[in-house]
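Please open the model in a viewer and keep the selection tool at hand.

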Amino acid sequence: MNFRRLAIQLTLTWLTLFVLLPHALVLLTSVLTPDPGQLASYPMTLQAYGRLWDPIYAQAFWQSLWLSACTTLVCLLVGYPFAWSLARTPRVTRALLLFLMMVPFWTNSLIRTYAIKLILGNKGLINTLLQGLGLTDAPIDLLYTPFAVVFGLVYILLPFMVLPLVSAFEKLDPRLLEAARDLGAGPWARFTLVVLPLTLPGVIAGSLIVFLPAMGMFYVADLLGGAKNLLLGNIIKNQFLVVRDWPFGSALSLTLVLLMGLLLWLYARANRHINRRGGLDDSAA
Amino acid sequence: MPLRSLLATLCLTLASQGYAAEKVVVYNWAEYIPEGVLEAFTAETGIEVEYSTYDNNETMVAKLQLQGGKGYDVVVPSTYLVSRMRKEGLIQPIDKALLPHYKHLDPALLDKPYDPGNQYSVPYLWGSTAIGVDGSVVDANSIHSWADLWDPKWKGQLLLIDDVREVFHMAYKINGHSTNTQDPAEIEQAYTTLKRLMPNVRVFNADAPREPFLAGDVALGMLWSGEASMAQAENPNIVYVYPDEGAGFWIDNFVIPAGAEHVANAHKFIDFMLRPEVAKQAVEAIGYATPNLSARALLDASLRNDPIIFPPSEVVQAGEFQEDIGDAAMTLMNGYWEQLKSGQ
């Protein structure tokens, strides 16, 4: 009992000090007037929020959204069949395979991103191989393209898609599939009417934990995309460091936080909706 | 009350930090000091060096501003920031009487407009931004000006330094303007010029522009002198070309923040770095030029006469040093920069 109270107290203190307080400061800064000498000063104004409607920021937002959506889709297409087959392997093999998937996480993601540069470069593994096989004469431009950015993001974020999917598939009772087959459902019907609805919570959870970080990982776009596209993260960084317009930088980052909150809320709603409609999530077990 | 004891421990830890031995807190660019120099300084003076690094001028200034100019005893801003930090009262005058080795410095690199009389700053290293060419892919003799980068045949192939002022420098020079212009019309003209360059860009890089050259991903683009000499050591085909319109030049300087707590030690540290033997090591390890004439004389002839490190004086004359241009011009340039990068 005492331990529980301590744990809760510690967590609350931690969250207040390092999450609530900084965000309150960001909120405060966002309604102040830019002042290069003092970083920000009174009087209060909503000017920074007015500037958010500049089409250039909408474009940066779409660019970020588009890259994250592509990443999420590829992760899903790769992760779904992978998680399915993983869930059907014996317990020991599954634990080993999951462990192997996590091993790269022992290396810093920045270092792994640099490694991808070596693989995709003009003299990298892939181009050397293609040229060695005589498939192309000149190296193909892989690095510093949107392809490289999505490739890097998928590589870093795939496990976050696989883990919730594996647990969704583990919950999937094989007897339901047998029953469906006995009742005359073909493979396609079994997939769309039984497997997909039952694993949908896993799909949504996985997509969300891939999508949200992908929006923020601007260093991957900088390193692999050649910093050619302006993403929200870059704009925020520039506003704070180069232009020194702290209120506008704060307004931008708050907007990003709010958007992510909105997505989380949509997720919670979708989840509740699925559970209520089918009541399948737990009653299946 | 576990929370209270936690706080008490925290306070004790913080307090004990305050009573350390003689020390100096140095905040420098990453990879910008030869190995062993800090240890040698401590061994000789008994002053501990608390050393940390940054990879971006602006980060350093933002940090100093937030801490009210306190927390560091020596920092190393580039040219244009010295004048800004001076105007904003972030740095304090340097006492030359405490710097017996100041006399070694090249008068040609002192008393520049960013700090007349070097009241606030002491030059550490300097270098240039010019054109890098991989001679095994592109004929280096065909490249002699910034304008050559605008040739449509380089579509999707160039490297640009990921820095507003460096990139605008090229356009200002092509249009015959100063790199320190604050005139909105000239800034807009540079933007129009740069818009035509954007299709040629393959990658923007500001942490190690030599890497894409060495990896074979680019064969032409902007490059810093120190990066060029490091690249050349690995791949002799890399050539460094000073463009006809004028290269960009900058000097990184030691300054003492206004709120420094160990001012005397900071002077001792700066003077140690001004010693010819130490300044010589800096050139050897980092590949940028030293303003220290005595150190230059000590250098091996191959380094001393390397035009990448020490450009001929007519090249320096043709180029221009960056100065502070004020926040209004900077905001305007950054707006155009964002437009360039988002393809507008």
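**Before starting**

This is a predicted model, in which local features need pLDDT of at least 70 and side-chain atom pairs count only at pLDDT 80 or more, while totals for chains, interfaces and linings use all residues. Residues are numbered from 1 along each chain as its sequence is written, chains are lettered from A and ligands numbered from 1 in the order in which they are written, and side-chain values use heavy atoms, with hydrogens and water left out.

**Stop 1: chain A**

Select chain A, which has 13 helices and two strands; helices (H or I, at least four residues) and strands (E, at least two) are DSSP runs, numbered from the N terminus. The C-alpha trace of chain A spans about 75 × 65 × 40 Å along its principal axes. Of the 285 residues in chain A, 40% are buried; buried means under 20% relative accessible area, exposed over 50%, and partly exposed in between (1.4 Å probe, protein chains only). Among contacts in chain A with a separation of 6 or more, 69% are between residues 24 or more positions apart, a contact being heavy atoms within 4.5 Å. The accessible surface of chain A is about 16,100 Å², and 72% of that belongs to carbon and sulfur atoms; such areas come from the Shrake-Rupley method with a 1.4 Å probe, and for residues only the protein chains shown count as cover.

**Stop 2: a nonpolar patch on chain A**

Select Trp14(A), Leu15(A), Leu17(A), Phe18(A), Val19(A) and Leu21(A), which form a nonpolar surface patch with about 610 Å² of accessible area together. Patch residues have over 30% relative accessible area and no salt bridge; like charges are joined within 9 Å, and nonpolar side chains (Val, Leu, Ile, Met, Phe, Trp, Tyr) within 5 Å. Leu21(A) lies in helix α1 (residues 2–30) of chain A and is partly exposed, at a relative accessible area of 45%.

**Stop 3: strand β6 of chain B**

Next, select residues 158–161 of chain B, which are strand β6. Which residues cover its two sides? Leu158(B) and Leu160(B) on one side and Leu159(B) and Ile161(B) on the other are all buried.

**Stop 4**

Select helix α10 (residues 276–286) of chain B, where Pro276(B), Val278(B), Ala279(B), Ala282(B), Val283(B) and Ile286(B) are buried. Seen down the axis of α10(B), these buried residues fall within an arc of 165°, so they line one face of the helix; the arc is that of the directions from the helix axis to the C-beta atoms. Their cover includes α2 (37–45) and β5 (122–134) of chain B. Just after α10(B), Gly287(B) takes a positive phi of about 85°.

Move to α2(B), where Val37(B), Leu38(B) and Phe41(B) are buried. They cover an arc of only 100° around the axis, which puts them on the same side of α2(B). Glu39(B) and Ala43(B), on the other side of α2(B), are exposed. After α2(B) comes Gly46(B), with a positive phi near 75°.

**Stop 5: salt bridges**

The structure holds 15 salt bridges over all chains, each defined as a side-chain nitrogen of Lys or Arg within 4 Å of a carboxyl oxygen of Asp or Glu. Select Lys341(B) and Asp162(B), a salt-bridged pair whose closest N and O atoms are 2.9 Å apart. Lys341(B) lies in helix α14 (residues 326–341) of chain B and Asp162(B) in the loop between β6 and α5 (164–174) of chain B, so the pair ties together parts that are 179 residues apart in sequence. Lys341(B) is buried, at 9% relative accessibility, whereas Asp162(B) is partly exposed, at 25%.

Finally, select Arg210(B) and Glu211(B), whose side chains meet in a salt bridge (3.8 Å, N to O). Arg210(B) is buried, with a relative accessible area of 14%, and Glu211(B) is partly exposed, with 37%. Salt bridges that share partners also join Arg244(A), Arg84(B), Glu88(B) and Asp327(B) into one network.
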